[in-house]
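Please look through the sequence and the structure below. The paragraphs after them go from one part of the chain to another.

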Amino acid sequence: MKLKSFLTLCAFFMVSYLNAGPYIVLKLDDIYAKKGESPVLPVLDFLAEYNIKSSLGMIAALSDTTASRVLAPYINAKDNKGQFLVEIWNHGYDHRKPEFKGTDYDYQSKHFVDATRKIETLLNIEIHTFGAPFNAMDSVTGRIISENANYKTVFLADKDLMKRHDIVCLNNLVRIERDLGKPDFDFFIKKYKIAKDRGVGCMVLQVHPNLWDEHSFQEFKYIIKYLQTEECIFILPSEWSNIIRSWE
Ligand SMILES: [Zn+2]
């Protein structure tokens, strides 16, 4: 192990030891911005107020040229340690089923590359993380992700599908939504405690803010505040991926 890797590992365990809670990746699905608006903004305002990092899965086809104006303030925002609060990831081109499972190479490749290009151009960013619509992908998807060198992290995927060994799969999903789009505090706490007792180092919390009503948003707020009392460390997918790769 290289000295840099060793020091990173030491730092990681120091942080883990000093903090009671596990690492948390917030996975916000089905995000878009068009006509100067996005339904996710109240959630991002809440998270920014509490200095909490989150990752946004963009559906490329649903966003227009106003996306940068809408999302840039959040993409550029930093927490009180000077670290970025938001990571944008590729959640498919049109999110129409089937998009990345059971379709052929040309279809998947076009959707993957077009989505990457459109989101990167609209938001003037680079994307390093992919999460398939419906978390549905196959070996063709794994090959395409592996062919795109900028991609380093994939949500909820079988590592064996990847052709590159340096791709990190974030797989420890801890359910926060009892039903689709319905975050539930009591439901989540049970799942969280089980995962924590199992020693899960990094939990993925997947939500669909577009579907929330006021009650759902309130449940989410309670959950976030609870996780803060647990001294969880909110981390971006790429940050977690960098930690894992530094060990290898
Ligand atoms: Zn989705």
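Where is the place of proline 98? In this predicted model, proline 98 sits in the loop between strand S3 (86–90) and H4. The peptide bond that joins lysine 97 to proline 98 is cis, with omega at about -5°. Most peptide bonds are trans, and most residues other than glycine have a negative phi.

Two asparagines have a positive phi. Asparagine 51, which is not a glycine, has a phi of about 60°. Its place is in the loop between H2 and S2. Asparagine 51 counts as partly exposed because 15 C-beta neighbours lie inside 10 Å. For asparagine 124, phi is near 55°, again a positive value in a residue other than glycine. Asparagine 124 belongs to the loop between H4 and strand S4 (129–130). With 9 other C-beta atoms within 10 Å, asparagine 124 is exposed.

Next come the helices. Helix H4 (residues 105–123) and helix H5 (residues 139–147) have axes that come within 10 Å and cross at roughly 45°. H4 and H5 are therefore oblique to each other, and H4 passes H5 in a right-handed crossing. On the H4 side, the contact is made by Tyr105, Gln108, Ser109 and Phe112, and on the H5 side by Val140, Thr141 and Ile144. By class, four of the residues in this contact are nonpolar, three are polar and none is charged.

The interior can be approached through the nonpolar residues. In soluble globular proteins, nonpolar side chains tend to be buried together. Here the largest nonpolar core has 60 residues, of which Ile24, Leu56, Met58 and Ile88 touch the most other members. Strand S1 (residues 23–31) supplies the largest share of this core, six residues. Leaving aside neighbours within four places in sequence, isoleucine 88 is in contact with Leu56, Met58, Ile75, Ile119, Leu123, Ile125 and Ile127.

Two further loop residues can be set side by side. Not counting residues up to four places away in sequence, tyrosine 32 touches Ser38, Met58, Ile59, Leu62 and Ser63. Threonine 65, in the loop between strand S2 (54–58) and helix H3 (67–75), is exposed, with 11 other C-beta atoms within 10 Å. The C-alpha atoms of threonine 65 and lysine 35 are separated by 8.2 Å, and these residues are 30 residues apart along the chain.

Note on methods:
Residues are numbered from 1 along each chain as its sequence is written. This is a predicted model: local features need pLDDT of at least 70, side-chain atom pairs count only at pLDDT 80 or more; totals for chains, interfaces and linings use all residues. Axes are lines fitted to C-alpha atoms, for helices over the stretch in contact, and angles run from 0 to 180 degrees between N-to-C directions. Helices (H or I, at least four residues) and strands (E, at least two) are DSSP runs, numbered from the N terminus. Angles under 35 degrees count as roughly parallel, over 145 as roughly antiparallel, 65 to 115 as roughly perpendicular and the rest as oblique. A crossing is left-handed if the near helix is turned anticlockwise from the far one by less than a right angle, and right-handed if clockwise. Two residues are in contact if their C-beta atoms, placed from the backbone, lie within 7 Å. Ala, Val, Leu, Ile, Met, Phe, Trp, Tyr, Cys and Pro count as nonpolar, Asp, Glu, Lys and Arg as charged, and the others, Gly among them, as polar. A residue is buried if 20 or more other C-beta atoms lie within 10 Å of its own, exposed if 12 or fewer, and partly exposed in between; C-beta atoms are placed from the backbone. A nonpolar core is a set of buried Ala, Val, Leu, Ile, Met, Phe, Trp, Tyr and Cys residues joined through C-beta atoms within 7 Å.
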